[in-house]
Amino acid sequence: MLTPESVRVNTLGPCAFKSPLHLSTKTGDGLGNFVPDNAQINYQVESDMLYPHPGVFFEKAGPREMIFFNPSETRAAIVTCGGLCPGLNNVIRSAFLEFSYNYGVKNVLGIRYGFEGLNPAIGMPPIPLTVDNTDDIHQQGGSILGSSRGAQDVGVMVDYLVSNEIN
């Protein structure tokens, strides 16, 4: 059974950087809005009065006004894990474009072959994602990064990210 504690999102630390997105904090001004930090989504809209559920809420996703990472100093990575599905290249391209153009992240990597790419003992090195190598990938099936289903040691993957200065 879900509990409020089981869905709580831990933070990396204080959000000290103003988002570079040109969004608003006021409703009705014609601009898209940042998501307030306290915005929540109710897990269950309907409840049986005989068996009421505890008040379980998810943190609402979306762009925040203050962010943890400084985009100009961030090294981001995109990884596709699990099985292939239609549209992964669209997601890779869209994430790259969002990082690059809207957030100003200058260094975006593509991790190859899912979690295996985060294990230096079996993975291949990441590829730098650029406008040139992502421009028309949405017209191709699959994932230009590849994918794998095999589980990897979480500690090894985290060490890889830290040692490669990937935020």
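Student: How many helices and strands does the protein have?
Tutor: There are three helices and seven strands. Keep in mind that this is a predicted model.

Student: What pattern do they follow along the sequence?
Tutor: Read along the sequence, the pattern is β-β-β-β-β-α-β-β-α-α.

Student: What box do the C-alpha atoms fill?
Tutor: Taken along the principal axes, the box is roughly 55 × 40 × 35 Å. The accessible surface of the protein is about 11,000 Å², and 56% of that surface belongs to carbon and sulfur atoms.

Student: And what share of the residues count as buried?
Tutor: Of the 167 residues, 25% count as buried.

Student: What about contacts, how much comes from residues 24 or more positions apart?
Tutor: Such residues account for 70% of the contacts with a separation of 6 or more.

Student: OK, sheets. What is the strand order in the open sheet of three strands?
Tutor: The order is β5-β6-β7, and the pairing is mixed. Strands β5 (75-79) and β7 (127-128) stand at the edges. Each of these two has a single partner strand, so one side of each has no neighbour in the sheet.

Student: In which sense do β5 and β6 pair?
Tutor: They pair in the parallel sense, over five bridges. As an example, R75 has N107 in β6 as its bridge partner.

Student: And β6 with β7, in which sense?
Tutor: Antiparallel, over two bridges, with β6 covering residues 107-111. Here L109 has P128 in β7 as its bridge partner.

Student: Which helix lies across β5 and β6?
Tutor: That is helix α1, residues 88-103. The helix runs at about 170° to β5.

Student: Which residues of β5 are on the covered face, and which on the uncovered one?
Tutor: A76 and I78 are on the covered face, while R75, A77 and V79 are on the uncovered one. In a regular strand, side chains alternate between the two faces of the sheet.

Student: New topic. Where is L145?
Tutor: L145 lies in the loop between α2 (131-134) and α3 (154-163).

Student: Is L145 buried or exposed?
Tutor: L145 counts as buried because its relative accessibility is 1%, and the cut-off for buried is under 20%.

Student: What does L145 touch?
Tutor: Leaving out residues up to four places away in sequence, L145 touches I78, T80, I92, G110, I111, R112, Y113, I127 and L129. I78 is on the covered face of β5.

Student: How far is the C-alpha atom of L145 from that of G114?
Tutor: The two C-alpha atoms are separated by 7.8 Å, with the residues 31 apart along the chain.

Student: Now charges. How many salt bridges are there in the whole structure?
Tutor: A search finds three. In general, side chains of opposite charge can pair when their charged atoms come close.

Student: Which residue forms a salt bridge with K18?
Tutor: E65 does, with the closest N and O atoms 3.3 Å apart. The pair links distant parts of the chain: K18 is in strand β1 (residues 17-18), and E65 is in the loop between β3 and β4 (66-67), 47 residues apart. K18 counts as exposed at 55% relative accessibility, and E65 as partly exposed at 32%.

Student: Which residues are linked in a network of salt bridges?
Tutor: D37, E59 and R64 are. R64 meets D37 at 3.2 Å, N to O. This pair also links distant parts of the chain, with R64 in the loop between β3 and β4 and D37 in the loop between β1 and β2 (40-42), 27 residues apart. R64 also forms a salt bridge with E59, at 3.4 Å between the closest N and O atoms.

Student: Are R64 and D37 buried or exposed?
Tutor: R64 is buried, with a relative accessible area of 12%. D37 is exposed, at 61%. As for E59, it counts as partly exposed at 45%.

Student: Last one. Which residues form a nonpolar patch on the surface?
Tutor: I41, Y43 and F58 do, with about 270 Å² of accessible area together. F58 is found in strand β3, residues 57-59.

Terms used. Residues numbered from 1 in each chain as written. Predicted model: local features only at pLDDT ≥ 70, side-chain atom pairs only at ≥ 80, totals over all residues. Heavy atoms only, no water. Patch = residues over 30% accessible without salt bridge, like charges linked within 9 Å, V, L, I, M, F, W, Y side chains within 5 Å. Areas by Shrake-Rupley, 256 points an atom, 1.4 Å probe, with all protein chains shown as cover. Salt bridge = Lys/Arg side-chain N within 4 Å of Asp/Glu carboxyl O. Helix = DSSP H or I, 4+ residues; strand = E, 2+ residues; numbered from the N terminus. Pairing = 2+ DSSP bridges. Contact = heavy atoms within 4.5 Å. Axes fitted to C-alpha atoms, helices over the stretch in contact; angles between N-to-C directions. Buried < 20%, exposed > 50% of the residue type's maximum accessible area, 1.4 Å probe, protein only.
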